[in-house]
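This report covers aromatic pairs, charges over rings and salt bridges in one protein model. The sequence and structure come first.

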Amino acid sequence: MSKIFLCDGHNLAFRAFYGIKELNRSDGFPTNMIHGWVRSFWRLEDDFSPDEIWVFFDRGGCPQRESILPQYKANRGSPPEGFSEQLEYVKQLTGAMGYGWAEKEGLEADDLIATKTKELRGEGTEVTIVSSDKDLAQLVSPGVRQLLPPPTANPRMGWCMLDEEGVNEKFGVSPASILDYLAIIGDQSDNIPGLSGVGPKTAVKWIQQFGDMENLIANAGRLTPKRFCSVVYERREDLRRNLELIRLISDAEYSETVPGPVAMNKLEEIFTAMEMSKSWEEAQKRYS
């Protein structure tokens, strides 16, 4: 059974950016994210030995979700200084290191990952989604796991692999209920408002009691605490809207660059340009 890793490019790029600080080329060009990216993926290879690695990037927002909720992800603002400049080199490195990759205007990396997961599921492959994003837990199923990267604040904790049982232990609900769970509590990182005053414990209790969103709305008058009975009923369309925002697109059409051999000439070009001599030495040892 082949092991295929599907990686959330922007999620991992931001982690690399904040994981190493104040690292620059001699002319001042930032290289912290590039260093962190290479180290993270080499560690991924060493720790898990995947047969293929794919990386998917966001590009240009998501008009479909923004039409449903105009303030969707409006809280994120512009990328930090130095991020976008390095991202172009990260994409070049992705191909040069032999990984498959894709991006498409108007689609999020999560949707590309969902589409690729659907394509690969049941084909004698073990799919591992690499990202810390909670909404990707809805894809976990037999043969599909989610690998959470080491926390930036505490990298010694290491990787955390979630199968169906692991998702249940982490969130209190199964992967099939992650959509309802996030629709109730909201997703602050995407600027999706949940029900005010309803936290994870209450959301888990309701899902365990009523099963899914429509049954929850139908039984709004039976909810405890009682103060939420009218809230759930009055905001039922907001809850349904949240489901549409959080539900991943699994039939996206996009072009992709398939995994291939490591391009040593390109790696040398990038590492030399970035003054990353130790990384080039390591690459020669790894790929010789």
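This is a predicted model: local features need pLDDT of at least 70, side-chain atom pairs count only at pLDDT 80 or more; totals for chains, interfaces and linings use all residues.

**Aromatic contacts**

The count of aromatic pairs comes to 16. One of these is stacked: Phe14 and Phe83, with 4.1 Å between the ring centres and 15 degrees between the planes. This pair links distant parts of the chain, since Phe14 belongs to helix α1 (residues 9–19) and Phe83 to helix α4 (residues 83–96), 69 residues apart. Phe14 counts as partly exposed because its relative accessibility is 30%, whereas Phe83, at 2%, counts as buried.

Trp37 and Phe41 form a tilted pair, because their planes stand at 35 degrees, with the ring centres 4.5 Å apart. Both residues lie in helix α2 (residues 32–48), four residues apart, which is about one turn of the helix. Trp37 is buried at a relative accessible area of 0%, and Phe41 is buried at 2% relative accessibility. Trp37 and Phe41 are also part of a cluster linked by ring pairs, together with Phe57, Tyr99 and Trp101.

Phe57, a member of that cluster, has Lys91 over its face, at 5.5 Å from the ring centre. Lys170 is placed over the face of Phe171, at 5.7 Å from the ring centre.

**Salt bridges**

The structure holds 23 salt bridges, and the table gives three of them.

| Salt bridge | Closest N to O distance |
|---|---|
| Arg43 and Asp47 | 3.4 Å |
| Glu269 and Lys266 | 3.3 Å |

Arg43 and Asp47 both sit in helix α2, four residues apart, about one turn of the helix. Arg43 is partly exposed, with a relative accessible area of 35%, and Asp47 is partly exposed at 41% relative accessibility.

Glu269 and Lys266 are both in helix α12 (residues 264–273), three residues apart, again about one turn of the helix. Glu269 counts as partly exposed at 47% relative accessibility; Lys266 is partly exposed, with a relative accessible area of 29%.

Which parts of the chain does the pair of Asp190 and Lys73 tie together? Asp190 lies in the loop between β7 (186–187) and β8 (192–193), and Lys73 in the loop between α3 (63–68) and α4, so the pair ties together parts that are 117 residues apart in sequence. Asp190 counts as buried because its relative accessibility is 6%. Asp190 and Lys73 belong to one network, joined by salt bridges that share partners, along with Arg65, Arg76, Glu108 and Asp111.

Conventions
Residues are numbered from 1 along each chain as its sequence is written. Side-chain values use heavy atoms; hydrogens and water are left out. Rings of Phe, Tyr and Trp (its six-membered ring) pair if their centres lie within 6.5 Å; planes under 30 degrees apart count as stacked, over 60 as edge-to-face and the rest as tilted. Helices (H or I, at least four residues) and strands (E, at least two) are DSSP runs, numbered from the N terminus. Buried means under 20% relative accessible area, exposed over 50%, partly exposed in between (1.4 Å probe, protein chains only). A charge sits over a ring if NZ of Lys or CZ of Arg is within 6 Å of the ring centre and within 35 degrees of the ring normal. A salt bridge is a side-chain nitrogen of Lys or Arg within 4 Å of a carboxyl oxygen of Asp or Glu.
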